[in-house]
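Biologist: I'm new to this one, and I'd like to go through it slowly with you. Could you put it up on the screen before we start?
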Amino acid sequence: TPSLPPPHSPAPLHTPRAPRRWCSVGRVFSVNRWVGAQMGSVDAGAAMEKIRAAGLLRTRGLIGGKWVDAYDGKTIEVQNPATGEVLANVACMGNRETADAITSANTTFYTWSKLTASERSKALRKWHDLLMSHKEELALLMTLEQGKPMKEALGEVNYGASFIEFFAEEAKRVYGDIIPPTLADRRLLVLKQPIGVVGAITPWNFPLAMITRKVGPALACGCTVVVKPSEFTPLTALAAADLALQAGIPAGALNVVMGNAPEIGDELMQSTQVRKITFTGSTAVGKKLMAGSANTVKKVSLELGGNAPCIVFDDADIDVAVKGSLAAKFRNSGQTCVCANRILVQEGIYEKFASAFVKAVQSLQVGNGLEESTSQGPLINEAAVQKVEKFVGDATSKGANIMLGGKRHSLGMSFYEPTVVGNVSNDMLLFSEEVFGPVAPLIPFKTEEEAIHLANDTNAGLAAYMFTKNIARSWRVSEALEYGLVGVNEGLISTEVIERQIKSLNLLRYEPTM
Ligand code: ADP
């Protein structure tokens with residue numbers, strides 16, 4: 001791997017390149033964690049070469065169809081969390097670039113929104129096809145900048161592209177309504193119109209799919225977009241935007257700025273031209289954006305932190321429950337907002353489930369996502385590992401027992417051992433907050449009522465899972481769970497056809513005419 005420093009080199013400690021905090025985000029690792037670079041078959045250099053050769057290594061922002069540097073020339077490092085290697089320096093933008101991106105999106109709105117749904121659909125369909133034909137390069141980029149295993153990254157390209165395909169088709173079916181009139185000589189119609197410029201702020205855990213599922217419906221119904229990807233994973237976003245241009249999505253319909261997140265966020269918030277904010281990320285930032293949108297009365301769609309319960313009843317099929325819980329918990333090393341955060345297990349099956357689950361977790365292969373055998377990549381950064389350590393420490397100090405793992409992985413960097421913690425209770429951080437890492441807390445319970453009570457004992461009602469063979473119980477409990485998505489005997493529940501319910505609403509202006 002020619003692009004990696006030899007194993008004895010000191011870790012490339014990040015040196016902030018710019019005085020502003022948001023231009024110096026990065027992953028800082030201590031020297032003794034550099035062992036990640038020693039791993040065998042990784043060829044990050046060849047991967048980067050492949051991406052570069054496809055013309056998909058973009059490092060500038062996209063404003064009005066032009067690739068532009070930050071106006072003050074500042075850049076930000078993008079690092080590989082598995083090795084600490086700097087993959088690229090990308091433009092570190094702020095309010096001025098964002099203002100121009102908004103202007104460009106606003107100007108383009110007046111032409112893009114006037115096309116027929118079918119015309120927009122054709123461009124989106126082409127974008128979908130280009131995403132799919134560059135599946136490998138996009139997946140490599142995601143594995144390099146985010147750390148997820150290639151198999152998951154390839155899956156994310158399918159998943160991410162599916163939103164573009166689906167909404168390209170759906171846009172032709174944005175029907176209005178005809179309402180029985182209240183006066184005999186009147187007719188009441190509802191026309192749905194695109195709302196205008198959309199600001200889309202996305203996280204690092206799904207570098208492609210979080211963008212396509214916001215941008216797909218927005219573009220499809222005639223809105224234009226300014227995307228701000230996470231500073232940890234801008235390369236995938238930029239590559240996807242490049243393919244959008246190639247697909248014929250007009251200059252200015254899709255703009256990408258990244259860098260100083262609060263500055264970019266504030267500019268989007270303050271602009272009267274931005275009519276909607278769509279955000280996936282932490283609850284703390286979501287609250288800020290919601291408050292910030294009040295002044296200009298924007299529509300807001302937020303997808304924030306979760307605290308997903310995964311309930312295993314005595315009457316569950318144990319193999320199905322183990323397989324489903326494993327998938328729900330350990331996908332992307334536990335770094336998704338729908339990851340099972342609390343595995344509630346009924347007393348009668350607790351021992352049996354716990355030992356089968358521990359065995360299954362033991363079989364997970366930790367490593368660099370570029371290696372074929374890897375099923376668990378690193379966490380996104382050092383702060384993420386420290387958070388996991390804090391939660392596990394809190395649980396053990398309050399009486400929980402480590403059944404497997406429980407510490408940093410010997411690979412170093414931000415690798416953490418897949419972990420199972422037994423006898424977790426509701427006074428522990430592992431119960432009340434999102435761990436966002438590869439730690440599965442097992443929480444025993446006695447009755448169905450108790451399970452429902454424990455599951456609902458949070459205000460983060462995003463996703464829930466349950467395992468039971470009893471059909472009546474599956475309906476009863478699903479409906480009692482105060483969660484947006486409920487998986488029954490299934491650990492992977494995200495699909496474009498379900499999530500359209502969440503994302504496509506609020507992009508349209510309801511215009512009653514009389
Ligand atoms: P996470 O903990 O998953 O990184 P964040 O909420 O910090 O979640 O990040 C999600 C997205 O929000 C990222 O693109 C990040 O840069 C952006 N972000 C963070 N702070 C702000 C802010 N003050 N205004 C706008 N966007 C922000």
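Predicted model: local features only at pLDDT ≥ 70, side-chain atom pairs only at ≥ 80, totals over all residues.

Biologist: Where in the chain is asparagine 332 placed?
Modeller: Asparagine 332 is in the loop between H10 and strand S13, the strand that covers 340-346. Its backbone has a positive phi of about 50°, although asparagine 332 is not a glycine.

Biologist: Which other non-glycine residue has a positive phi of about 50°?
Modeller: Valine 297 has one, again without being a glycine. Valine 297 is placed in the loop between helix H9 (283-294) and strand S11 (299-303).

Biologist: And is valine 297 buried or exposed?
Modeller: Valine 297 counts as exposed, because its relative accessibility is 70% and the cut-off for exposed is over 50%.

Biologist: How far is glutamine 335 from phenylalanine 436 in sequence and in space?
Modeller: They are 101 residues apart in sequence, yet their C-alpha atoms are 4.7 Å apart in space. As for the chain as a whole, among contacts between residues at least 6 apart in sequence, 75% join residues at least 24 apart.

Biologist: Let's zoom out, then. How many helices and strands are there in the protein chain?
Modeller: The secondary structure comes to 16 helices and 19 strands. Of the 514 residues in the chain, buried ones make up 59%. The accessible surface is about 20,300 Å², and 54% of that surface belongs to carbon and sulfur atoms.

Biologist: Changing topic: how many disulfides does the structure hold?
Modeller: The structure holds zero disulfides.

Biologist: What about cysteine 339?
Modeller: The sulfur of cysteine 339 has its closest cysteine sulfur in cysteine 337, 8.3 Å away, which is likewise too far for a bond. Cysteine 339 is buried too, with a relative accessible area of 5%.

Biologist: Now pockets: how much space lies in the second largest pocket?
Modeller: About 630 Å³ of space lies in the second largest pocket. It is lined by 25 residues, and those closest to its centre are Glu152, Leu326, Ala327, Arg331 and Leu492.

Biologist: Which helices supply at least two residues of that lining?
Modeller: Helix H5, residues 150-170, and helix H10, residues 318-330, each supply at least two. H10 gives the largest share, with seven residues. By class, the lining has nine nonpolar, eight polar and eight charged residues.

Biologist: Let's look at a strand residue next. Which residues does isoleucine 311 touch?
Modeller: Not counting residues up to four places away in sequence, isoleucine 311 touches Leu344, Phe445, Ala451, Ala455, Tyr465, Met466, Phe467, Val477 and Leu481. Isoleucine 311 lies in strand S12, residues 308-312, and is buried, with a relative accessible area of 0%. Its C-alpha atom is separated by 6.0 Å from that of valine 345, which is 34 residues away along the chain.

Biologist: And valine 225, where is that placed?
Modeller: Valine 225 is in strand S8, which runs over residues 224-228, and it counts as buried at 1% relative accessibility. Its contacts beyond four places in sequence include Ala105, Val198, Val215 and Asn255. Valine 225 and valine 215 are ten residues apart in sequence, with 6.8 Å between their C-alpha atoms.

Biologist: Last one: which residues does asparagine 106 touch?
Modeller: Apart from residues up to four places away in sequence, asparagine 106 touches Val197, Thr224 and Gln273. Asparagine 106 sits in helix H2, residues 95-112, and counts as buried because its relative accessibility is 16%, while the cut-off for buried is under 20%.

Conventions. Residues numbered from 1 in each chain as written. Heavy atoms only, no water. Disulfide = S-S within 2.5 Å. Buried < 20%, exposed > 50% of the residue type's maximum accessible area, 1.4 Å probe, protein only. Helix = DSSP H or I, 4+ residues; strand = E, 2+ residues; numbered from the N terminus. Contact = heavy atoms within 4.5 Å. Areas by Shrake-Rupley, 256 points an atom, 1.4 Å probe, with all protein chains shown as cover. 1 Å grid on protein atoms, 1.4 Å probe; cavity = no way out; pocket = protein on both sides within 12 Å on 5 of 7 lines; lining within 4 Å. Points joined across faces, edges and corners; volume = space filled by probe spheres on them. Nonpolar A, V, L, I, M, F, W, Y, C, P; charged D, E, K, R; others polar.
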